[in-house]
Amino acid sequence: MLVVISAALIVGQMILTDANPFILWCNWLVAGALAVSLWYIMGRFHLGGAFEGKALAITWPLMSMTLNFAYLYFDISYPYYRGLIQLFALMGIITLSLSIWQETQSTWRNLCIGMLIGLSSTFFPHTILWLFMIPFIMFHMRATSSRNVFSILTGALLGIWIDYCLLFFQSTEVADAMLLHYLDIVQVNHYVETFDALSLWQWLYLSITAILLFIYSLSTMLLGTGHSVRSNASIMLLSGLSIAAIAFLCIDLMHTTLYICQLSLFLSIQLSIQQTNIKSSANEWWTLFILALCVTISILPLI
């Protein structure tokens with residue numbers, strides 16, 4: 001039902017705006033792909049509720065609304081497809097991180113984690129900050145070893161080098177400019193401009209998503225919703241990564257369009273975990289209220 005509502009919302013956006021219908025429906029399909037990926041992760045790593053499909057019912061409409069909200073109301077200063085690639089890369093990093101449980105010699109998977117971070121950082125240099133989460137990932141996955149850490153760092157450098165070589169054959173200036181972007185990861189001097197550029201609806205959607213994600217991440221950590229040592233460690237890791245995403249947003253406000261989608265993805269993960277592990281009618285109604293609130297904020301700017 002929620003998926004149908006999200007599709008109906010797109011029809012309304014097509015009627016009331018001059019947005020490209022192809023992009024609107026592409027976002028809807030991307031949201032579905034992310035929902036299926038999260039549903040797989042929930043089942044593969046025993047996070048609960050794989051057979052109930054709640055991850056699909058929550059993630060698909062929430063991500064669809066967020067992706068289209070970002071497309072319609074945020075000023076996107078980069079090729080839009082890159083933001084979608086970034087979300088899939090983030091989902092890949094999450095999946096690979098959860099798969100290295102108690103494996104201190106998992107060279108290839110850690111190398112892939114590093115490559116995803118490195119390649120993504122060539123699009124958006126701030127992505128390199130995810131390397132600071134390596135100790136956190138290693139600790140919670142009981143996979144701490146110098147070999148694993150070295151594999152991730154090597155993978156990140158390899159990813160950057162691959163993209164540099166591809167750009168070098170196109171133009172040496174473009175390749176060198178890509179490396180120089182890493183010098184501007186923290187752009188504090190543009191904070192005031194970013195604050196002034198965001199409208200009320202943009203701030204409302206962004207702040208609600210960030211606040212809800214922070215609250216849900218802390219509550220998931222404190223409640224200990226996992227049913228095994230591994231699932232509990234995985235949930236703690238996901239909560240830590242969720243809070244890290246909020247911290248990275250505060251460092252890099254210039255890419256709020258990108259971060260609102262990342263925060264929404266992590267919020268979908270947190271909502272799915274709580275829905276499948278905490279059996280409560282109040283929890284279900286609160287989740288429905290959150291989704292209804294997102295729908296309302298998506299509609300109000302059109303009225």
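# Briefing on a predicted helical model

V11, M14, I15 and L16 make up a nonpolar patch on the surface, with about 380 Å² of accessible area together. Patches are built from residues with over 30% relative accessible area and no salt bridge, with like charges joined within 9 Å and nonpolar side chains (Val, Leu, Ile, Met, Phe, Trp, Tyr) within 5 Å. Accessible areas come from the Shrake-Rupley method with a 1.4 Å probe, and for residues only the protein chains shown count as cover. This is a predicted model, in which local features need pLDDT of at least 70 and side-chain atom pairs count only at pLDDT 80 or more, while totals for chains, interfaces and linings use all residues. Residues are numbered from 1 along each chain as its sequence is written, and side-chain values use heavy atoms, with hydrogens and water left out.

- I15 is found in helix α1, which covers residues 2–16; helices (H or I, at least four residues) and strands (E, at least two) are DSSP runs numbered from the N terminus.
- I15 counts as exposed because its relative accessible area is 65%; the classes are buried under 20%, exposed over 50% and partly exposed in between (1.4 Å probe, protein chains only).
- L16, also a member of the patch, is placed in helix α1 and is exposed at a relative accessible area of 57%.

**Helix α13 and C294**

- C294 has its place in helix α13, residues 281–299.
- With a relative accessibility of 7%, C294 counts as buried.
- Not counting residues up to four places away in sequence, C294 touches L62, M65 and Y205 (contact means heavy atoms within 4.5 Å).
- C294 and L62 are 232 residues apart along the chain, and their C-alpha atoms are separated by 7.5 Å.

**Nonpolar core**

- The largest nonpolar core has 89 residues, and those with the most contacts inside it are L67, W130, M141 and F266.
- A nonpolar core is a set of buried Ala, Val, Leu, Ile, Met, Phe, Trp, Tyr and Cys residues joined through side-chain atoms within 4.5 Å.
- Leaving out residues up to four places away in sequence, W130 touches L90, I117, L241, A244, A245, F248, Q262 and F266.

**Aromatic pairs**

- The structure holds 11 aromatic pairs.
- One of them is W25 with W28, an edge-to-face pair at 5.7 Å centre to centre and 80 degrees between the planes.
- Rings of Phe, Tyr and Trp (its six-membered ring) pair if their centres lie within 6.5 Å; planes under 30 degrees apart count as stacked, over 60 as edge-to-face and the rest as tilted.
- W25 and W28 both lie in helix α2 (residues 21–44), three residues apart, which is about one turn of the helix.
- W25 is partly exposed at a relative accessible area of 30%, whereas W28 counts as buried at 17% relative accessibility.
- F69, Y73, F74 and Y205 form one aromatic cluster, and Y205 is also among the residues that C294 touches.

- E103 is partly exposed with a relative accessible area of 29%, and R109 is partly exposed at 28% relative accessibility.
- S99 lies in the loop between α4 (80–98) and α5 (107–123) and is buried, with a relative accessible area of 10%.
- Apart from neighbours within four places in sequence, S99 is in contact with F45, R109 and R230.
- Q102 lies in the loop between α4 and α5, is exposed at a relative accessible area of 52%, and has a positive phi of about 60 degrees although it is not a glycine.

**Loop between α2 and α3**

- H46 is found in the loop between α2 and α3 (54–73).
- H46 has a positive phi of about 55 degrees without being a glycine, and counts as exposed at 59% relative accessibility.

**Helix α7 and D163**

- D163 lies in helix α7, residues 146–170, and counts as buried at 15% relative accessibility.
- D163 and T122 are 41 residues apart in sequence and 7.1 Å apart in space, C-alpha to C-alpha.
- Leaving aside neighbours within four places in sequence, D163 is in contact with L119, T122 and M178.

Technical notes. A salt bridge is a side-chain nitrogen of Lys or Arg within 4 Å of a carboxyl oxygen of Asp or Glu.
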